[in-house]
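Hi,

Here is the structure I promised to pass on to you. My notes follow below it, and I hope they are handy when you open the file.

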Amino acid sequence: MTLREGAEQSRAVGKLQALVRLPTVSHRDPDLVDTAAFDAFLVELETQFPLLHRHLDLTRVHTHGLLFHWRGASDARPVVLMAHLDVVPVEGEWQHPPFSGAIADGSIWGRGTLDDKGCLVGICEAVETLLEAGHTPAQDVWLSFGCDEEVFGHAAPLAVDELRRRGVRPWFVLDEGGAIASEAFPGVGAPIGVIGVTEKGITSVELRAEGRGGHASTPARNGPVARVARAVTRLEKAPLPASLPAPTIELFRRLAPHAPLPLRPLMANAERLRPALTRVLLAAGPETAAMTRTTVAVTTLSGSPALNVIAATAKAGVNMRLMVGDTVEEVLAHVRRTVGRGVEVDVVESSEASPVSPYSTTDGRGGHGSVDEAFALLEDTITEVFPDAVPAPYVMMAATDARHFTAICERVYRFAPFRMTKQQRESIHSYDEHIGVEAFLDGVDWYRRLLERLP
Ligand SMILES: [Zn+2]
C-alpha cells in the first residue's frame, strides 16, 4: 500500500462523495427518470475532472452516456475502460443516508459507491492525475460511461455502434464485475482477484394458459391456473444439466494452493474430477449451484383478480440465466418440452451467454500453461497493487454492459479493482453500500498503473 498525502487522499475521496450525492437512479420508464440529477452529474463530473474534459474528445451517447477518446502514442491496440453513472433505487434501512457520501468507520457510504461510481471516479481520477503528470498513454484509451446499465438500456449498445462506425477494434475492454473479493470461497484465506471472462445470458419467458373463466361456484377441471401451476412444478423438477465451464476449472486450480488441505487435490485436479466437483457445488447451496448450470426461476404469477372469479388467463414469469455452453434455442426447447401441452411459452427477452474471453492458464501443478497478454496485464497489475490477492478468471453470474462489447472485441473483462468483503458484495443493489477509503484509493492506483503499463 502506498503512503498517501492527505491532500491527494481527500481530493479523490471528495470527488466520489460529490458524485454519490447526485441521485442518478435509472428506470425502465424514461418518464420516471430524474433527468435533472443526470444533468447535474455531468456538470459535476466536468467540475471534478477539468483536465480530462479539456484533453479528451467527448461524444455524447444516448441521453447521458459519455464516450471519451484519449489519444495515445499508437492506435494499434486501443483499450476501453467502462463504468456506468446510473444507480438502482434505494431500499432497506441504511446506517447512513444513501445519497450522503458520508464518511464513517473508514468508508465512504452511499448508493453507487461500489456499483458503479467507485469505478467511474477511479478511472477518471487515474486519467486526471496522469494528465497532470503530462502522461501520454502508449495506446488509444476510450472511456465508455453508460447512463442506463441498471435497466438494460441503450447507452452501451450505442457506444458500441459509435466505436464500430469509427473502425475501432479494441484490444481489450474492462468493465465492472469481479473485485478483490475476500471470504469468497470457504476456507480460502487470501482474497481472490476475480476477473469475469464471460457472463451468463438472460432469457425471460411468460407461461400462459387460457380458459373460459367464469364464476367460482362452477369450476371446470384443468383450468388455466391448474395448468400453469403444473408447468411451474414440472420446471422445478427438471433442472438443466450441470457441468463446470473451463474458466471455473481454472479458478479452482488457482485457488487450490490456498484452499484447506483436504480440498487441495480435488481443486488442483478440477479438470479430471469435473463430475465430482459439479456434484459438490450443486449440493453446497444455490450460489454454488448457479455456477454449474443455467438457472430457472419462476418470478411473477398472476391469475384472477377476484376471489370469486375463475381466471380466464393465468401467467407465470420465468427468468433464466444461461450458462456459457447453453444457447437460448436449447433452453427454450427445454422449457417448451417440460411445460407440455396447454401452456404457451411467450419469449419476453433473450440474450445468449457471452463468449469466453481469452485468459492465461496454469497447469494445475503451480506451473504455467498458456499466457494471454491482455489478461496477464490485468493479473500482473493486480499482483502489483494487491500483493496478497490471487488473480483468477471466473464466470460472472450477473449481467453488465460489457456484454454488448463482445460484438467488437474478443477480450472483454469484468473487474473492479476494489477490496470487497462478502458483506459489501451483498450490499450492492441492497442497503448500506459502502467502499473503504483505502480500498477506493488502491483502486485509483490500480487504474493508473494499468494505464501506465499499456504496452
Ligand atoms: Zn453496475
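**What I found**

E250 counts as buried because its relative accessibility is 2% (buried means under 20% relative accessible area, exposed over 50% and partly exposed in between, with a 1.4 Å probe and protein chains only). This is a predicted model, in which local features need pLDDT of at least 70 and side-chain atom pairs count only at pLDDT 80 or more, while totals for chains, interfaces and linings use all residues. Residues are numbered from 1 along each chain as its sequence is written, and side-chain values use heavy atoms, with hydrogens and water left out.

Back to E250: its place is in helix α7 (residues 246-255); helices (H or I, at least four residues) and strands (E, at least two) are DSSP runs, numbered from the N terminus. Leaving aside residues up to four places away in sequence, E250 touches Y359, S360, T361, T362 and P393, where contact means heavy atoms within 4.5 Å.

D115 sits in the loop between β5 (107-109) and α4 (117-132), and E176 in strand β7 (residues 172-181), 61 residues apart. Both D115 and E176 are buried.

On to the charged pairs: the structure holds 26 salt bridges, each a side-chain nitrogen of Lys or Arg within 4 Å of a carboxyl oxygen of Asp or Glu. In one of them, E125 pairs with R11, with the closest N and O atoms 2.9 Å apart. That pair links helix α4, which holds E125, to helix α1 (residues 6-20), which holds R11, across 114 residues. E125 is buried at 2% relative accessibility, whereas R11 is partly exposed at 30%.

R411 and D372 also meet in a salt bridge (2.8 Å, N to O). R411 lies in the loop between β15 (390-396) and β16 (412-420) and D372 in the loop between β14 (344-350) and α12 (373-385), so the pair ties together parts 39 residues apart in sequence. Finally, a network of salt bridges links D380, E384, R449, E452 and R453.

Best wishes
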